[in-house]
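Dear colleague,

I am handing over the model we spoke about, and my notes on it follow below. Please read them with the coordinates open beside you.

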Amino acid sequence: MGWRNFEPFPMILQMALDSVVLNIGDLPTSFLFSQLGAPDELARHYRNFLIESPKPEAVKKSEPRPLGSGPSDPALRGPLANAHGTEFFHALSPLWHFQVSTAPEMVPPEGLTSHDVRIEFEGRELKLFRADFEANIDLATCHGTLRYTGLIPSFENFLRALYSVRLLGVEGLLVHACSIEYEGAAHLFAGTSGAGKSTIARLSGARILTDEISVVRRDGDQFYLYGTPFWGELRGGGELVRFPLRTVNFLHKDDATFAKSVGLAEGIRKLLRCTLFFSTHLEWRHQLLMIAEAICALHRCQDLHFQQGKEFLRLLDAGQAIKN
Amino acid sequence: MPDKRLKISDRIAARIIGGETVIVGLDDNTMNILNDVGTFIWERVDAGKTLHEIIPEICAEYEVDEQTAKRDTETFVEEMLSKKIFLESDD
């Protein structure tokens with residue numbers, strides 16, 4: 001019985017020692033480390049999102065859409081068309097690869113403060129910078145390099161920047177939001193810091209997909225919320241699961257519990273206010289806007305005022321009375 | 001200002017949705033929503049019309065007198081210019 005006592009994560013040992021493949025939002029990314037043993041800490045931290053390196057034919061296609069085709073619903077499509085963006089989205093591969101190195105002392109790029117993320121897209125190369133990481137990837141081959149400090153927060157900052165871009169190609173967003181699964185459906189609770197994301201997750205008693213950064217993306221005709229490794233106060237490990245999105249809620253701590261429906265334009269504004277996106281690329285912003293429109297048009301959006309207790313859960317059921 | 005031609009900045013992304021316009025700034029992450037009157041003006045600025053041309057259309061559409069339409073439209077345009085959503089056109 002002994003070995004389990006000494007190795008709490010035996011699965012990790014069965015995987016390659018110098019590489020990890022993480023699957024976030026059904027978009028796997030492979031990280032190959034230059035030093036043996038370097039990924040052990042990452043593998044432990046992201047243990048619930050590790051997958052074995054997928055064979056190309058086994059990887060689920062992400063159904064990338066050219067930029068400008070917009071949401072799948074023809075009624076929600078926009079008139080955009082841009083060769084630059086199209087090139088990017090056609091280049092999306094089911095699996096991206098990064099050769100990783102670490103540099104404890106990193107020099108931030110000129111003009112970048114410690115919390116700024118810069119994302120550049122030139123030709124076929126995507127570059128991502130922050131004070132604690134720098135990465136680039138050739139979108140024709142989907143191979144690139146990553147240099148980070150070697151610390152988990154630095155790697156996590158990179159993942160957030162990377163997935164804010166990758167999700168765009170599959171009609172997905174990274175949102176400052178808590179996600180729960182309740183009676184088979186997923187519910188998004190968006191809010192900035194202090195809005196009550198962790199509180200509502202805790203109060204729900206439901207399965208928590210994340211209490212901090214949610215992944216929402218379309219697959220076919222349906223948007224889903226995915227389990228993520230991006231957590232806040234609750235520091236959960238996350239799960240590699242997804243559930244169909246039912247409601248989009250904007251959080252307000254209050255001394256009463258009620259919901260007010262939110263109009264489409266206002267819903268989009270509120271959702272985008274909580275969306276993580278760092279690029280100033282015009283066409284990508286248009287894509288972001290169209291994805292938010294599709295999410296808000298296809299789901300119930302509401303301002304959710306809540307107090308302590310589970311009473312808010314009844315406001316997630318379809319057909320419940322909503323204050324207008 | 002009435003004869004000045006305006007244009008919409010190329011540093012914003014915008015969508016007209018249900019009669020309202022959602023505007024996202026690229027450089028400062030600001031977001032604005034225009035109501036139906038703002039959207040009415042937006043569409044005409046986008047079409048290259050001057051305020052001189054737009055104000056009579058507002059009077060006709062919203063049954064408002066010219067003085068009120070002129071005052072409110074100029075206030076709106078000033079705000080859009082200050083937010084760099086509208087720019088003065090060189091054309």
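In chain B, the residues V37(B), F40(B), I41(B) and R44(B) of helix 1 meet I54(B), E57(B), I58(B), E61(B) and Y62(B) of helix 2, where two residues are in contact if their C-beta atoms, placed from the backbone, lie within 7 Å, and where helices (H or I, at least four residues) and strands (E, at least two) are DSSP runs numbered from the N terminus. By class, this contact between helix 1 of chain B and helix 2 of chain B has 6 nonpolar, no polar and 3 charged residues; Ala, Val, Leu, Ile, Met, Phe, Trp, Tyr, Cys and Pro count as nonpolar, Asp, Glu, Lys and Arg as charged, and the others, Gly among them, as polar. Helix 1 (residues 36–46) of chain B and helix 2 (residues 51–62) of chain B pack at an angle of about 145°, their axes being 11 Å apart; axes are lines fitted to C-alpha atoms, for helices over the stretch in contact, and angles run from 0 to 180 degrees between N-to-C directions. The crossing of these two helices of chain B is right-handed (the near helix is turned clockwise from the far one by less than a right angle, and anticlockwise for left-handed).

This is a predicted model, in which local features need pLDDT of at least 70 and side-chain atom pairs count only at pLDDT 80 or more, while totals for chains, interfaces and linings use all residues. Residues are numbered from 1 along each chain as its sequence is written, and chains are lettered from A and ligands numbered from 1 in the order in which they are written. The predictor gives the complex an ipTM of 0.78 and a pTM of 0.82, and chain B averages a pLDDT of 91, with 97% of the residues scoring at least 70 (pLDDT is the predictor's confidence in each residue, from 0 to 100).

As for the contact between the chains, 11 residues come from chain B and 14 residues from chain A. On the side of chain B that touches chain A, the elements giving two or more residues are strand 2 (12–17), strand 3 (20–25) and strand 4 (31–34) of chain B, and by class that side has 7 nonpolar, 1 polar and 3 charged residues.

Chain A has 8 helices and 16 strands, and of its 324 residues 45% count as buried (20 or more other C-beta atoms, placed from the backbone, within 10 Å of the residue's own; exposed means 12 or fewer, and partly exposed lies in between). An open sheet of 8 strands in chain A has the order 3-1-2-4-8-7-6-5, with mixed pairing (two strands pair if DSSP finds at least two bridges between them). Its edge strands are strand 3 (50–51) and strand 5 (118–122) of chain A, each of which pairs on one side only.

Strand 2 of chain A is mostly covered, with 6 of its 7 residues buried. This strand pairs with strand 1 of chain A in the antiparallel sense over 6 bridges, F31(A) being the bridge partner of V20(A), and it runs parallel to strand 4 (residues 96–102) of chain A, joined by 5 bridges, where F31(A) stands opposite F98(A).

With kind regards
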